Each structure stands twice: as C-alpha cells, then as structure tokens.
Amino acid sequence: MLITRVTLLGNKDHGKSTLIGSMLMLTKSVTKERIAEAERTSKALGRKFEPGFILDSFSEEREGGLTIDTTRVQVKHKGAAFELIDVPGHEELIQNMISGASYAGFAILIISAMENEGITQQTKRHLFLAKMLGVTRVIIAVNKMDAIGYSRKAFDDIKEEMLRFLGRIGFDRDSVSFIPVSAYNYDNILARSKRMPWYTGEPLMQSMLQFSKQREKDGKSLRISVQGSIESGNGTLVTGKVISGKVSKGDTVASFPEGRSFRIESIYVKGRQKPSAGKGDDIAIKPGSGPVSRRGSIICSGRQKPLVSDRLSGTVFFVREPAGKASIRYNGIELAADIIVHKVIDIATGGSLQKNSEIVLNAAKASITSRKKFAFEKFNEYPELGRFTLYSNGTFAGIGIID
Amino acid sequence: MIEQDLKQLQERSIYIMREAKEKFGNVAALWSMGKDSTAMLALARKAFLGKVPFPIIHIDNGIDFPETYKFRQELAKKWKLDLIVAESEIKPELSGYSCCGENKTIALKKLMKERGFDALIVSIRRDEHGIRAKERYMSPRNRDFKWNYKEQPAELWNDYSSKLDDKGHIRVHPLLDWNEIDIWNFTKREKVPINPLYKSKNGYRYRSLGCTHCTSPVKSNAKGIDGIINELRSTKTEERAGRDQDKEKEYVMEKLRALGYM
Ligand SMILES: Nc1nc2c(ncn2[C@@H]2O[C@H](COP(=O)(O)OP(=O)(O)O)[C@@H](O)[C@H]2O)c(=O)[nH]1
C-alpha cells in the first residue's frame, strides 16, 4: 500500500496534536495500550480525555504541552494510508518543522477559529515555508469551531483572508480546500457534522482521500541525481536516484557539470539487472566508457540540459543569523559560497521590507556564488533538483530554492 | 498495522545505506540475528550488489538462545559476513536490564573506540515505540553515546546529517520507516532466512527477540511466515509486549536510548 505523507502545520496550540489524536481514534488506528495511557495522563492532569495525548511520548513534552520534534503516526482510511507528521508549531523549533514538512505529499494547516487565536504570523510563515519545501496542496482545517458556537461567519472570514494570502504566495486555488472542524468533538473529521449544516463540503478525511489519489505527473526529461559509486563484480558502478523521466540500457546520456556523454551498459535496481528504470528508482549503472559522473553530478538525456554555473539566484529563508563561513548543500555536495541578500520579503504581504531588516524567519532574494561550477536546475522545473540548504560554520541556517 | 509499499521502502533503505557508505569512511552495522537486522543485511546485499561491504557486529552477552547462535554461524558463512563478536558482561547489580542496556553499551563503546567506526547502522523501526518516532535517518551520538533529541540536525529532502560531533558517531537508521509487518512481507518475498525462534513451537513463538533473560514468547500457532503475517494483521497488542524491560517503567526506552542502548 502506498502511504501518503501528510504534514500538519499551524501555530502551536491551535490543535494539531488533538486533530491527529482524533483521527487515530476515529479510524481505530491506535492500540488499546496507547489509549489507556492517554486516558491516564488526562486524568492525572485533571482534564477530560485529550486525544492529543496519544501522540506525546516524551514526558517533558506532555508536561509542557508542546511538541518538540516531529512525531509520525499512521492511519488507514477507506483503502488509503496516511502518515501524519506532527511538526512543532513554535518559532525556535522551526528547523524541526522544516525537517518534518520536507517529506510531505500534502499539508493540513490548522487555524484555530477562537477569537484570540485565528490567523497568526506563524500560520503564514508555515504556509510560505511549505511552498518552498515543495508542498503544493493544502487542506486548511479551521479548528475549535465548538468554542465559537460553530459560527459560519468566523469560518468565512478566515477563509477569505487566507485565500488572499495563498494567492499571493502562489498556491493554486484548486489545490486548497477549507474545512471547519472541531478536533475535540470530532466534527467534520470522519463524517460531516450535524452541528454545521451550513457546511456542505467534504469532511476532512474524505478530502484527504481525494488528495492522496492525485499523483504527480512525470512528463519531464531524464534527470538522475548522482549519489556516488560502488565496487561490484561488474566493476565500478555509478549510483544515483532517478528524479524524473526514464532510463534504459543502451541509452546515451550526458553527465554535468563534466559535460561528457556515455552509453549505459547495465542498470541495476534493488540489486538486480533491469532493462530500464524510472522516477524514484535508486539505481546503479555501468557506464560504457568508465565512470565520469561524481557525487553531485546530474545525468540527463535529450536536448534540455541542466544549468552549469558558479552563480545562482534564489529565494532563501534563514532560521538563524548567518555568521562566519557560509556554505550551501545541494544535491549531495557541500559548496563554500558567498551569499548576498538583495532584498528581504515580508511574508505576510509579499512586499519588500527595508534593506537592513531582520532576515531571520523572513524570506529574502539572494545571489549565491560558489568557488566552483556545479550543475543545477530551477525549482519551477525540477523541484527536487531546485532546492538547497544553507549552512553557516557547519550549522544548519536555512533553506533556499533556485529561481 | 499498515502494510506499506515494499518498493518504496526498499528504495529509501538502499539510498540511506549507500549514503552512509559514501559519507562515512568507517561504517559498521549491528546484527542481533533478529528479523529486522537480518532484513537490513538482505537490503545491504541489494544496495551493494550481493555483498555486505561493512563489518557486522554482534554484541554477545553469552545468554542468547542456542538457536540464535546457530543462525548467526550459518548465515555469516552463507553471506560471507565480516562478523565481529563483541563480548559483553552481565552484571546483575545493574538489575533490571542488566543483560542488555548498560552492559551492552559498555561493550559497544569499547569496540567503537578500538575500531574507530564513525557510523553505525542500527535496524530500529519507528513503529516499535513512541520514542523511536523521534529518530532521524541519521542521528548523531556524542562521545558518550548520548542522544540529544532536542537539538537534532535538520534532515530534509535527501540531505542527511553528516556532521560528526567531536569523537561521536552517527547512528544510521535505514529501516526507520518500516512497520513490523513490512519486515515480514519483505522476508517472505525475498526469502530472507529467519531465526527459527520466530516460528511457533508448542503454541508459543517469539515476536521480538532479546536474550534468554529478558524475552518471553507470546501465544501463537504461526508455524510459518504466512501464519505470522496473518496473525499481525489482526493483532491489537504491541510488538514489544514480550519484553520484560518495557514493563518496568513507561519511559524505559527513553532512558536506554539516552544511555546509548540501541
Ligand atoms: N475547544 C476546543 N479546544 C481544542 C480543540 N482542539 C484542540 N483544543 C485545545 O487546544 C489546546 C492545544 O491543542 P494541541 O492539540 O495540543 O495543539 P498543538 O500545539 O497545535 O498540537 C489543548 O488544550 C486542546 O485541548 C477543539 O476542537 N476545540
């Protein structure tokens, strides 16, 4: 069964853990032991049953009531399987949020409809980052509807404001859906709630089912990201991952930045010889003329070639102040780089901020120059080959996409 | 229990093991002769086309089951494994998990120091325990084997940690995404040899294997792999239910891990 990874985004306390817990309960995806444990904890803290406690396995997370790192659980619904990734929703832990969200097929963004909560800076930042991480489809769950008397107006207001924001950061209207829920009372999670007759759309899990069925099309030309090499009985083989397209035995392909062509003599997928390989396969290939590709190379075929340069422009997002030696990690290699920020973008409005404004936790347009030439692609064309991570003095400092 | 797509799982495991070999000069893997680490060896044979290109470590406290020792000997020979047996002591005064936890950690630390391994492949799965859900594919451990789970490196896309804390090592987890049942589906499909203790004998079988002191069998009539798979499809209990150590304290795993127990 193919499993779709779903990341849950949103401001802390808006109900991510509770929503995941309620999905686990409703789909009976959790063992008795876990439920009993959550019941015990709820009672010990003098509360009514908190579905969110099913998730927390670290004692200090439970006491503090917040998620520190990503948590993953699996649920099954009507023949589809989901891995729900709960990411921490507060600022200092944005690095963990990024790690969790980077594996997602789609996202569920939670916004609490309560008056003092609503759409926050963090809500917007999460969406913006999700977009940078390659998440293109989002379900927006407007939560805690029970606490505001299931008010349609509150839901519509949030929806309207979010639609404006989503358009600005480049989400496709058809790839976003809005659902009013109460994670606490299980409203509109598995089945449509009678308490919100004004909502005529699908319940959350039905919407998830639809999203999971949409598969990305792969109409692109061949791209192999080269991982390295291994020694085998058949000599030195080049290893890599097929990012897009298809490759067959006997094909002539070209490797960049080397700019050299070679014929493929054999292809191994999962340890066995195969006539061809496609998107997602981890392969080992025997090049006809001896290995020319190295870790970090991009192998392609056809006329459209990767870009080869020592300079690129991109959109970057720093999680911490860059200090000292900067580098980027791209396609398996680390390159020392000079990073020049041209302008800082206000995530909430899409406009420019003052030149010297804070770049941490804001997006920025930047140009990046490395000491040597390498092969890369634009994010728009090959998302998996159009992104990089930023490091300063060897510590993770942010992410970027190639414009 | 969700049965995942084996192709997808295998691709990721192969990628991670090749990545470990590319990034770290001196890699080794832990083998307990259990189903998970044996599946890991089968995956390594796929990733590296027929051979396992790194040493395999068994931390042996001398009280594993006889079947386990026999299985170790046979498979090591058949797959030409570069097997290292690191003997660990049993000190009863460290009660509770004296047979595993601390004693095994001491033996492993000693071996790591002698051999200078900078990456260790460990066959844990995220579904084993809530705490394991916090692990990354590549998780650094410091010199004392401590795991600083609150400040883990970012791990995004296919960019896994490569930063070695000074004198520490990286734990590599190629099976992190696998579920218990996936291991059995894979074992069946690829005809991976298994330790006979997993099969039912006199109405009992081992679901999770530790040593003779800390594991007890569960009620089962599953004679072969098909039987095991069918049983798992309907079970409502946790895999490690047969492990005494879990029952001692709810957060025992957290503790063991912070101590460096695999
Ligand atoms: N009234 C109400 N409270 C909720 C709902 N969902 C979550 N909460 C409460 O909001 C608080 C934060 O929820 P939690 O799931 O921990 O938020 P997280 O930080 O996003 O994971 C908890 O006290 C929950 O009990 C809901 O649907 N209705």
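Q: Let's start with Asn188(A): is it buried or exposed?
A: Asn188(A) counts as buried, because its relative accessibility is 0%, and the cut-off for buried is under 20% relative accessible area. Please keep in mind that we are looking at a predicted model.

Q: OK, and where does Asn188(A) sit in the chain?
A: Asn188(A) belongs to the loop that runs between β6 and α7 of chain A.

Q: What about the phi angle of Asn188(A)?
A: The phi of Asn188(A) is near 55°, which is a positive value in a residue other than glycine. Asn393(A) is also not a glycine, and it has a positive phi of about 50°; that residue lies in the loop between β20 (387–392) and β21 (395–402) of chain A.

Q: You mentioned α7 of chain A, so how many of its residues are buried?
A: Helix α7(A) covers residues 204–213, and eight of these 10 residues are buried, so the helix is mostly covered. Among them are Leu204(A), Met205(A), Met208(A), Leu209(A) and Phe211(A), along with the serines Ser207(A) and Ser212(A).

Q: Which strands does α7(A) lie across?
A: Helix α7(A) lies across β1, β2, β3, β4 (106–112), β5 (138–143) and β6 of chain A, and its direction is at about 105° to that of β3(A).

Q: In what order do those strands come in the sheet?
A: The order in chain A is β2-β3-β1-β4-β5-β6, which makes an open sheet of six strands with mixed pairing. At the edges are β2 (71–77) and β6 (176–180) of chain A, each of which pairs on one side only. On average, and with direction ignored, neighbouring strands of this sheet are turned by 25° against each other.

Q: In what sense do β1 and β3 of chain A pair?
A: Strand β1 (residues 3–10) and strand β3 (residues 80–86) of chain A pair in the parallel sense, over six bridges. If you want to find one residue pair on the display, the bridge partner of Thr7(A) in β3(A) is Ile85(A).

Q: Switching topic, which residues come nearest to the ligand?
A: There are 16 residues around the ligand, and Asp13(A), Lys16(A), Ser17(A), Thr18(A) and Asp146(A) come nearest. Helix α1 (residues 16–26) of chain A gives the most to this shell, with three residues.

Q: And which atoms of Asp13(A) and Asp146(A) are involved?
A: For Asp13(A), a polar backbone atom is 2.7 Å from an oxygen atom of the ligand. For Asp146(A), an N or O atom in the side chain is 2.7 Å from a nitrogen atom of the ligand. The ligand has 580 Å² of accessible area on its own, and the protein covers 82% of that.

Q: What is in chain B, in terms of helices and strands?
A: Chain B has eight helices and eight strands, and of its 262 residues, 61% count as buried.

Q: I clicked on Asp64(B), so where is that one?
A: Asp64(B) is in the loop between β2 (56–60) and α3 (66–78) of chain B, and because its relative accessible area is 10%, Asp64(B) is buried. The side chain of Asp64(B) also makes a polar contact, at 3.0 Å, with the side chain of His58(B).

Q: Last one: which peptide bond is cis?
A: The bond that joins Phe256(A) and Pro257(A) is a cis peptide bond, with omega at about 15°. You will find Pro257(A) in the loop between β10 (252–256) and β11 (260–269) of chain A.

Key
Residues numbered from 1 in each chain as written. Chains lettered and ligands numbered in written order. Predicted model: local features only at pLDDT ≥ 70, side-chain atom pairs only at ≥ 80, totals over all residues. Heavy atoms only, no water. Helix = DSSP H or I, 4+ residues; strand = E, 2+ residues; numbered from the N terminus. Buried < 20%, exposed > 50% of the residue type's maximum accessible area, 1.4 Å probe, protein only. Pairing = 2+ DSSP bridges. Axes fitted to C-alpha atoms, helices over the stretch in contact; angles between N-to-C directions. Contact = heavy atoms within 4.5 Å. Near = heavy atom within 4 Å. Polar contact = N/O pair within 3.5 Å; in protein donor to acceptor, adjacent residues only side chain to side chain. Areas by Shrake-Rupley, 256 points an atom, 1.4 Å probe, with all protein chains shown as cover.
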